[in-house]
Amino acid sequence: MSEFPILVVDDEEEFVSTLVQRLRKRGFAGEGVLSGSAAIARVAASDFAVILLDMRLPDMDGGQVLREIKKIRPGSRVVILTGHASASEGEEGIKNGAFDYLLKPVEFETLLEKLEAARERVP
Amino acid sequence: MRPGRFASRDARVWKETPPRRKKSIRVEFTRSCASAHVRYRFSFFTAFLFYSLDGPASVMLKGNDLSEQPNAGDQNMTFFLDRLTSLFRTKPRLKPTELQAAFRAHYKDFRALLTANNNALELMAEMEQALTAGRSFGMAFVRGNCTALSVNIYKMIHHLTRLADGRYTELDQPFRAITRQLEQVIASRSANTEGAAILSMAEVDAGMVDQVGEKMANLGEVRNRVGLRTPDGFVITATAARHFIEANALQVEINRRLKGLDLDNLEELYTVSAGIQSLISNAPLPAALAEAILAHHQQLDTNPEAELLVALRSSALGEDSSNVSFAGQYRTQLNVSREFVPQAYKEIVAGKYKSQAIVYRQQRGFRHQDVHMCVGCLRMVEATISGVLYSRAPDDPRSPFVIIQAAPGLAASVVDGSASSEQLRVSRTPPHPIVHRASGMEQGRSLTEPQAAELATVGVLLEEHFGAPQDIEWSIDRAGLLYILQSRPLGHSVSEEAQESGKHRATTNDLPGPLLAGGVCASQGVGCGPVFTVRSSLDLLRFPRGAVLVIETPYPDWASLLNRAVAVVSETGQPAAHLATVAREFGIPAIFGMHRALATLENSSLITVDATAGKVYAGRVEPLLALAAPKPNLMAGSPVYKILTQALAHITPLNLTDPASPFFRPDGCQTLHDLTRFCHEKAVVEMFTFGERYGFDDKAAKQLVVENSPAQWWVIDLDDGFTPDFDPESRYIDLNHITSAPMQAIWQGMLAFPWAGPPPVSLGGFGSIIFQSTRNPNLDPAVRSAMAAKNYFLISRNFCNLSVRLGYHFALVEANLGEYLTENYVSFQFKGGAADENRRLLRIRLISKILGEFDFRVEQKVDAMTARIEKKPAPYLLERLTILGYLLIHTRQIDMIMADEGMAASYQQKIMADLHTLMDTPTER
């Protein structure tokens with residue numbers, strides 16, 4: 001199974017740790033951070049295949065984090081995963097290069113399917 | 001209209017408008033009783049002050065009617081005075097903004113009432129079907145449905161009271177009386193019986209619905225009563241879910257977040273839903289519960305070689321999980337390993353607040369705390385092949401074969417439609433040969449013949465056990481063992497058309513080809529008799545005992561025929577319709593949604609109606625009529641079954657069938673069904689008479705720019721009927737600034753054909769039509785003065801109310817084209833004036849006949865007529881409005897037909913030809 005590192009960015013610690021564990025169980029190299037600044041630092045240091053990004057973070061606005069990430073790694077796939085449904089925010093995110101927009105709570109199986117599909121498309 | 005019924009509101013409105021005018025009107029009114037010369041003033045007032053939609057009253061108000069019709073005499077005068085009194089009392093003059101606000105408020109109440117009505121009827125239908133359709137249900141179902149029903153009927157009364165400006169409060173009394181009786185019935189069994197937090201699948205059967213939910217109760221029944229293999233596992237019960245929520249005191253917070261939630265605001269809805277689910281998913285499980293779950297999980301872990309993976313399946317309790325729109329909305333988690341079981345459990349419990357579920361419950365009146373999420377935790381089957389099994393073909397509940405869909409791997413992929421699969425038809429009769437196979441699967445991975453035969457056996461067995469065709473999920477593991485994952489009644493999930501209960505058994509071999517097929521079963525059974533088509537109240541009176549009632553639309557009015565009919569076939573309608581409920585109550589077989597029934601079924605020809613299969617046969621089909629009696633129901637005789645039966649006695653019988661009956665009044669309501677019927681009927685009446693009850697300020701009206709018309713056409717915007725660029729200060733408006741589709745349709749009909757027959761007239765456009773008809777010497781002299789009257793359109797984008805006085809006729813057209821079919825209607829009222837009675841009757845009869853041809857439901861009372869069409873799509877109604885527009889103008893023609901009977905046939909033909917041309921359809925129907 002090829003290495004397919006995934007970064008989970010969310011301020012809910014329980015959510016992050018469970019999701020990361022579940023992803024690892026299914027063969028993904030999962031990793032989690034709890035803030036926007038930590039996410040940007042991790043992306044600068046390492047190339048993730050997919051970044052799952054919450055829009056409500058304690059230190060920064062999710063949109064801002066998205067723009068920073070795309071600046072550092074324009075080719076990265078950022079999936080917005082948010083509990084605060086907002087069409088305008090979603091549109092804004094896609095405009096700024098987000099790969100997908102998902103509403104919480106997303107079914108784990110659904111998320112897996114999307115990740116599997118993304119992994120298959122990796123050259 | 002009773003005098004003084006708006007007394008309180010009058011006072012308020014008069015405060016806002018100069019009282020001077022009211023006073024002067026009163027003075028005129030008093031004088032009029034004694035002196036004839038004052039009649040002139042009435043004409044003046046009616047033309048100047050009032051938007052006169054009062055039908056008979058507005059006709060009577062003209063002095064000519066009284067002076068030139070001495071025979072009308074006292075009766076007219078009394079009526080006239082009554083109407084006038086009510087007019088002055090009840091018609092406050094509203095400013096444009098006030099009028100718009102009043103309309104919006106009424107419309108909102110009307111829509112809300114219709115929604116509640118639909119909910120109530122569906123809930124009633126579900127409760128009735130629960131008694132007959134061989135499904136298991138518990139007290140939570142009975143209680144939840146009764147509560148939801150009461151909530152919806154309360155809403156109906158509330159909205160009706162508002163629609164009617166405070167009347168109908170007396171409905172509160174029968175409502176309270178009936179719900180009190182219902183409460184007593186339900187209270188005979190206590191609500192939240194505490195049970196175990198966890199039950200092993202070995203302990204579960206259909207009787208435990210209240211603890212484990214319908215899905216798991218059925219699976220337990222399959223395992224423990226039928227003796228088929230199901231995955232090992234356990235159920236985390238309703239008690240456990242309640243403890244979990246209570247231990248964290250979540251319900252108060254959840255309700256707080258849901259309070260005031262705007263269901264139409266999707267962003268808000270999803271955000272609140274996500275927030276609540278997160279709240280639940282992040283709350284800690286009570287330690288004892290977590291331990292118990294893991295302990296039961298441990299017992300499943302018998303193979304040290306491989307990690308135990310389980311599936312967690314939701315099994316909702318306390319609402320109708322069989323509803324098609326709702327099935328599959330809750331969560332299932334597959335391949336869950338031990339450390340994630342508690343988290344997965346919480347997430348499934350949280351799934352109770354998925355956005356669709358919130359909307360569903362809120363709209364249908366279920367209380368969130370009455371719904372519990374039970375969760376089945378089952379060992380994953382290492383499936384090589386899985387699929388779905390229907391014990392009958394969904395579109396043919398008597399088919400002699402089962403239908404199997406199979407795909408490699410897990411059953412979920414077949415249900416999702418995500419895997420390439422194969423479909424098989426396998427005979428229901430041993431040795432169960434495969435009748436047909438359509439394969440999209442690779443060689444060697446498809447279902448073997450013995451496996452297909454085993455599945456067919458299981459399908460037949462489960463159908464017989466549950467007493468209804470089943471929709472079954474299954475898997476076959478590496479060892480070739482068949483596991484049943486779920487079994488539920490077929491009709492609910494697969495096809496709304498197959499509302500089959502499995503009561504009847506017959507092979508289709510002996511049957512002739514049906515005349516008609518594909519209808520929806522509204523009430524099960526088989527009936528045979530001669531066809532009798534009912535289109536109007538007149539047909540209703542002639543309906544013979546023992547005939548098959550064939551109709552276009554299942555209006556509640558036809559319910560009075562059900563004790564005479566042997567079966568019902570309707571071209572439109574759903575099983576939730578009033579008439580369907582009544583048919584089930586009477587045990588009359590009924591098929592709805594049977595296309596082309598009217599065109600195909602000839603009056604008085606003998607037919608056999610097989611409602612269960614949704615088919616109609618020519619002649620008498622003995623094999624169908626000889627079908628066996630219904631199978632005993634699983635639940636029959638159980639305490640819960642008895643309670644539901646007792647509860648339904650206060651719910652479904654319909655006593656108020658005829659709105660014209662003197663008993664059609666609030667204190668005649670004996671059941672919840674009566675209340676819905678009464679509220680619905682009165683709400684429609686109130687909405688239809690909106691214009692009648694409100695006057696308006698002069699400035700609200702804009703005169704329509706029409707070339708060369710002696711009549712004046714005025715338009716009042718109720719909401720969004722004018723284009724945004726229209727200057728509100730302007731006194732005039734042209735058609736280009738009108739957004740109202742119904743008004744445009746009427747207008748199109750008015751302009752469509754100039755009056756072409758004798759006497760000769762110039763074809764100078766619309767103005768000349770009116771002008772010539774006004775000057776026609778064959779017509780009553782009353783016409784001339786009246787033509788100067790103003791005619792008013794009250795419009796919004798989707799609404800139009802037009803009052804017309806052409807000559808001494810009074811006509812009212814009202815239409816609403818809403819977002820939902822249930823809101824749509826066209827209503828037409830017509831009253832002929834001062835001609836002799838014979839001519840008036842002939843005229844009304846002819847118009848009735850013409851409208852009947854175009855599917856209007858026509859009611860005729862002496863010389864007044866009402867025609868209605870409801871619940872049809874907008875394009876269909878717009879066509880009808882165009883027809884009404886045509887008739888409004890050509891009523892003059894109809895008068896001439898009446899003057900010369902010899903010409904009647906040819907003019908009628910001409911009118912029908914015009915109308916068919918208007919509709920762009922052939923003349924022959």
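Predicted model: local features only at pLDDT ≥ 70, side-chain atom pairs only at ≥ 80, totals over all residues.
Angles under 35 degrees count as roughly parallel, over 145 as roughly antiparallel, 65 to 115 as roughly perpendicular and the rest as oblique. Residues are numbered from 1 along each chain as its sequence is written, chains are lettered from A and ligands numbered from 1 in the order in which they are written, and side-chain values use heavy atoms, with hydrogens and water left out.

**Helix packing in chain B**

- Helix α8 (residues 139–163) and helix α9 (residues 172–187) of chain B pack at an angle of about 170°, with their axes 11 Å apart; axes here are lines fitted to C-alpha atoms, for helices over the stretch in contact, and angles run from 0 to 180 degrees between N-to-C directions.
- α8(B) and α9(B) are therefore roughly antiparallel to each other.
- On the α8(B) side the contact (heavy atoms within 4.5 Å) includes B:M139, B:R143, B:C146 and B:Y154, while α9(B) contributes B:F175, B:T179, B:L182 and B:I186.

**Chain A overall**

- Chain A has 5 helices and 5 strands, where helices (H or I, at least four residues) and strands (E, at least two) are DSSP runs, numbered from the N terminus.
- Read from the N terminus, the elements of chain A follow the order β-α-β-α-β-α-β-α-β-α.
- Of the 123 residues in chain A, 47% are buried; buried means under 20% relative accessible area, exposed over 50%, and partly exposed in between (1.4 Å probe, protein chains only).
- Among contacts in chain A between residues at least 6 apart in sequence, 60% join residues at least 24 apart.

- A:D10 sits in the loop between β1 (5–9) and α1 (13–25) of chain A, and it counts as buried because its relative accessibility is 1%.
- The side chain of A:D10 reaches the backbone nitrogen of A:E12 at 2.9 Å.
- Setting aside neighbours within four places in sequence, A:D10 is in contact with several residues, among them A:D54, A:L57 and A:K104.
- A:K104 is also joined to A:P105 by a cis peptide bond, with omega near -10°; A:P105 belongs to the loop between β5 (100–103) and α5 (108–120) of chain A.

**Helix α18 of chain B**

- The 18 residues of α18(B) (residues 449–466) should span 26 Å at 1.5 Å a residue, and the end C-alpha atoms are 26 Å apart, which agrees; the expected span is 1.5 Å times one less than the number of residues.
- Buried residues of α18(B) include B:Q451, B:L455, B:V458, B:L462 and B:F466.
- Just after α18(B), B:G467 takes a positive phi of about 75°.

**Other local features of chain B**

- B:S314, in strand β4 (residues 309–317) of chain B, counts as buried at 3% relative accessibility.
- The C-alpha atoms of B:S314 and B:M216 are separated by 8.6 Å, although these residues are 98 apart along the chain.
- A cis peptide bond with omega of about 5° joins B:P430 and B:P431, and B:P431 lies in the loop between β9 (422–427) and β10 (434–439) of chain B.
- B:H432 is found in the loop between β9 and β10 of chain B and has a positive phi of about 55° although it is not a glycine; B:H432 is buried, with a relative accessible area of 9%.
- B:S604 is another residue other than glycine with a positive phi, near 70°, but B:S604 is exposed, with a relative accessible area of 58%.

How values were computed. Polar contact = N/O pair within 3.5 Å; in protein donor to acceptor, adjacent residues only side chain to side chain.
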